[in-house]
Amino acid sequence: MEENKTTPNLVVDLCGLSLKNPVIAASGTFGFGEEIEPFYDPSILGGFCTKGLTRRPRPGNSGIRLQETRAGLMNSIGLQNPGIEAFVRDILPRIRRFGTAIIANVGGETMEDYVAACYEVSKSSVDMVELNISCPNVKHGGMAFGIDPDVAAKVVRSVKRSCRKPLMVKLSPNAPDIVAVARACEKAGADALSLINTISGLAIDVHARRPVFANVTAGLSGPAIKPIALRMTRDVSKAVSIPVVGMGGIETGEDAAAFIMAGAAAIQVGTAGLVRPDTCQRIIAELLEFMSREDIGSLSEIRGII
Ligand SMILES: Cc1cc2nc3c(=O)[nH]c(=O)nc-3n(C[C@H](O)[C@H](O)[C@H](O)COP(=O)(O)O)c2cc1C
């Protein structure tokens, strides 16, 4: 006779925020949530990260911005966004109705930019701030703040002083020692860490004999980076005691389970959602199926077991 199994519990506590499940749409791949409505109801998500927001509006980079690779995607968007003031005034009131956690992803060019932008957005009704010190596609700032532990600590400490919401710091896989940066951010007051942002890569147009992207390099994401992201998620989550949100190439419920086994409190899905808009919805269903099949009652039973 079939055993009567209870439905697995997907609820996650992230810095005091109760998420319905661990699946969060990643910054820059989900707009502000409204684009997904024709495909599924965004309220099913654990949460979503907004496109990277900056103090002032940014037009983004010129030239080619996206190019597929055999197992991934390269992008050089350059943080195109309407600026924090317009986001808080025009967009946030519309997307609050989704009833899921809204995480404001914040970018900047200078220390002052980061502090002012995080303070401004944290006064609004967003649930959390994700500090992007790992964008490889901007000429000034961005990743420069995320590759050196001392510089990363300085920006986190400064932002933390005035940020009114939990602060999650998004780390760069391009740092020579991501664990050292993670530890420095934790010590400087980060409430959570997310990783990884894209890996810096190069694409060459051999016919034109020049780089495909105007900025020369661009960020690689998608399935190609998953093993690296998993390894870094495990290394970082073993080194810190704050929650770690893992991402990089997640496409299925079993991929999500792997990141949780590597120590992630929750996961983010980026590129796979650009390939198929309903990916996050499917991942939630697949994760539930996996847990039922494996007789896992809650995520804490598998978190960090690797
Ligand atoms: C088109 C595109 C735009 C992105 N924009 C941002 C951004 O604005 N801020 C940010 O922190 N990360 C941004 N990212 C990085 C993703 O949030 C994520 O860290 C990365 O793509 C790895 O996850 P994935 O392999 O699931 O896509 C972007 C990625 C892509 C593909």
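This is a predicted model: local features need pLDDT of at least 70, side-chain atom pairs count only at pLDDT 80 or more; totals for chains, interfaces and linings use all residues.

Colleague: Is α2 roughly parallel or roughly antiparallel to α3?

Modeller: The axes of α2 (residues 111–122) and α3 (residues 149–162) come within 9 Å and cross at roughly 30°. Angles under 35 degrees count as roughly parallel. So α2 sits relative to α3 as roughly parallel.

Colleague: And how many nonpolar residues does the contact of α2 with α3 have?

Modeller: On the α2 side you've got Met111, Tyr114, Val115, Cys118 and Tyr119, and they meet Val155, Ser158, Val159 and Ser162 in α3. Sorted by class, that contact has no charged residues, two polar ones, and the nonpolar count is seven.

Colleague: On to α4 and α5: what is the handedness of their crossing?

Modeller: Helix α4 (residues 178–187) packs on α5 (residues 226–239) at an angle of about 40°, and the axes are 9 Å apart. That makes α4 oblique to α5. As for the hand of the crossing, it is right-handed.

Colleague: How many charged residues are in the contact of α4 with α5?

Modeller: From α4, Ile178, Val179, Ala182 and Arg183 meet Met232, Asp235, Val236 and Ala239 of α5. Six of the contact residues are nonpolar and none is polar, while the charged ones number two.

Colleague: What do the buried residues of α5 pack against?

Modeller: Buried residues in α5 include Leu230, Met232 and Val236. The partners of the buried set are α4, β10 (192–195), β15 (244–247) and α6 (253–261).

Colleague: Where does Arg231 fall: buried, exposed or partly exposed?

Modeller: Arg231 is in helix α5. Buried takes 20 or more other C-beta atoms within 10 Å, and exposed takes 12 or fewer. Arg231 has 15 such neighbours, so it counts as partly exposed.

Colleague: Last one, from a loop: is Leu45 buried or exposed?

Modeller: Leu45 lies in the loop between β3 (23–25) and β4 (47–49). Among the residues it touches are Val23, Thr100 and Cys280. With 26 other C-beta atoms within 10 Å, Leu45 is buried.

Methods:
Residues are numbered from 1 along each chain as its sequence is written. Axes are lines fitted to C-alpha atoms, for helices over the stretch in contact, and angles run from 0 to 180 degrees between N-to-C directions. Helices (H or I, at least four residues) and strands (E, at least two) are DSSP runs, numbered from the N terminus. Angles under 35 degrees count as roughly parallel, over 145 as roughly antiparallel, 65 to 115 as roughly perpendicular and the rest as oblique. A crossing is left-handed if the near helix is turned anticlockwise from the far one by less than a right angle, and right-handed if clockwise. Two residues are in contact if their C-beta atoms, placed from the backbone, lie within 7 Å. Ala, Val, Leu, Ile, Met, Phe, Trp, Tyr, Cys and Pro count as nonpolar, Asp, Glu, Lys and Arg as charged, and the others, Gly among them, as polar. Lists of a residue's contacts leave out its neighbours within four places in sequence.
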